[in-house]
Amino acid sequence: MALVFQEGKVSEPENLAARVLIRTYAKLHVPVKIEDVLGCYDLKLIGLGLGGDDGFLMQARPTGGVVFVNSEHHMHRQRFTAGHELYHYITGDYDERSANIFAASLLMPSIIIGEIWNDIRQRPEPRAWAVKLFAAQFGVSPEAARIRLKVSGLY
Ligand SMILES: [Zn+2]
């Protein structure tokens, strides 16, 4: 199907192209396939019952390893934990806050969150529901979504 540009509706073709790319990106890459992202770093993702722990990283030498996540947690939380552990792996930095910011930014890419949030906000549903829709699109918890939106100045 060809896209039809009606005169007057689109004043900035370059702007439109950018929006089309953002939508294409979203369709292709959201929710982010965290297992594949880890795979690119030679990391395997394995779910295990871990009691009270979210997960941990077991590094192999010289590279790669295994990221264990708590299989008793919600899938959205497991995804977040996987991103969190990836930060530790890539940077060697064990700062928890930085790892969380990294995980949120990885699962909710900055280039598309504004566009998707604006789309959702055009619907009549209340804001709390909008956050749930947004979270579902990115495969994250509503809490993680709300924080990401807030930090990004969207919420
Ligand atoms: Zn950590």
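Reader: Why are α5 and α6 called oblique to each other?

Author: Two packed helices are described by the angle between their axes and the distance between the axes. This is a predicted model, where local features need pLDDT of at least 70 and side-chain atom pairs pLDDT 80 or more, while totals for chains, interfaces and linings use all residues. Residues are numbered from 1 along each chain as its sequence is written. Here the axes of α5 (residues 110–121) and α6 (residues 127–138) come within 10 Å and cross at roughly 140°. Axes are lines fitted to C-alpha atoms, for helices over the stretch in contact, with angles from 0 to 180 degrees between N-to-C directions. Under 35 degrees is roughly parallel, over 145 roughly antiparallel, 65 to 115 roughly perpendicular and the rest oblique, so α5 and α6 are oblique.

Reader: Which residues meet there?

Author: Contact needs C-beta atoms, placed from the backbone, within 7 Å. From α5 come Ile116, Trp117, Ile120 and Arg121, and from α6 Ala130, Leu133, Phe134 and Gln137. Six of these are nonpolar (Ala, Val, Leu, Ile, Met, Phe, Trp, Tyr, Cys, Pro), one is charged (Asp, Glu, Lys, Arg) and one is polar (the others, Gly among them).

Reader: And how are the elements of the protein chain arranged?

Author: Helices (H or I, at least four residues) and strands (E, at least two) are DSSP runs, numbered from the N terminus. The protein chain has seven helices and three strands, in the order α-α-β-β-β-α-α-α-α-α from the N terminus. Its C-alpha atoms fill a box of roughly 60 × 35 × 30 Å along the principal axes.

Note on methods: Contact = placed C-beta atoms within 7 Å.
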